[in-house]
Amino acid sequence: MNPTRRRLLQALSLFPALPLAASWPGLASAQEARLPRVPLTVHGEAGPRRLTVEVARRLAERAQGLMGRERLPQDAGMLFLYDRTQPSRNGFWMYRTLIPLDIAFIDEAGRIVDIRRMAPCTSASARECPVTRPDAPYQAALEVNAGVFEAHGIAVGDCVSWPGDGGECPTAADVNG
């Protein structure tokens with residue numbers, strides 16, 4: 001069996017357990033403790049806004065996301081990273097997510113291409129939960145508490161940077177010339 005097929009089968013084997021795992025007391029906090037945290041800065045007209053985010057890189061981490069969390073600190077979030085640009089038809093859902101969230105979709109240059117508000121889905125069936133899709137392709141997504149982006153003037157076009165992203169957001173001197 002080739003390595004790609006093995007990884008795909010391993011990832012798919014995790015999905016049936018996700019709904020059960022998300023409802024298991026303590027698992028959400030256990031996941032929170034094991035994901036790496038990094039400083040992230042959103043650079044916009046309102047000035048830099050710094051957050052500490054958990055980084056979800058693997059398929060299972062991204063599938064779990066913030067499921068089962070009862071709260072998220074105001075200066076925190078979750079950054080979903082992808083190896084390849086995701087088409088705009090790929091989105092996010094709020095199945096078993098307990099808190100309302102805002103999501104910023106970020107392109108390969110680190111620019112926010114879309115921001116959406118997502119409400120918790122109270123359905124016991126994942127199929128009944130709506131999917132939130134951006135208007136443009138993206139390579140990363142940032143989830144924070146609902147209202148954080150608006151409260152801090154974070155908007156489409158703002159630049160996002162974090163350690164290891166390989167990009168740099170322009171400073172005021174770069175923009176003004």
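What share of the contacts in the chain with a separation of 6 or more comes from residues 24 or more positions apart? Such residues account for 71% of those contacts, a contact being heavy atoms within 4.5 Å.

## Basis

This is a predicted model, in which local features need pLDDT of at least 70 and side-chain atom pairs count only at pLDDT 80 or more, while totals for chains, interfaces and linings use all residues. Residues are numbered from 1 along each chain as its sequence is written, and side-chain values use heavy atoms, with hydrogens and water left out.

## Chain overview

Six helices and nine strands make up the secondary structure of the chain; these are DSSP runs numbered from the N terminus, helices being H or I of at least four residues and strands E of at least two. Of the 177 residues, 40% are buried, meaning under 20% relative accessible area with a 1.4 Å probe, protein chains only.

## Strand pairing

Strand β1 (residues 37–44) pairs with β2 (residues 47–56) in the antiparallel sense over eight bridges; pairing requires at least two DSSP bridges between two strands. A hairpin through two residues links β1 to β2, and Leu40 lies opposite Leu51 in β2.

Strand β2 also runs parallel to β3 (residues 76–86), joined by five bridges. Here Glu54 stands opposite Met78 in β3.

## Ser161

Ser161 belongs to strand β9 (residues 159–161). Ser161 counts as buried because its relative accessible area is 16%.

The side chains of Ser161 and His43 form a polar contact of 3.0 Å (a pair of N or O atoms within 3.5 Å; within protein, one must be able to donate a hydrogen and the other to accept it, and residues adjacent in sequence count only if both atoms are side-chain atoms). Leaving aside neighbours within four places in sequence, Ser161 is in contact with Pro39, Leu40, Thr41, His43 and Cys169.

How values were computed: Buried means under 20% relative accessible area, exposed over 50%, partly exposed in between (1.4 Å probe, protein chains only).
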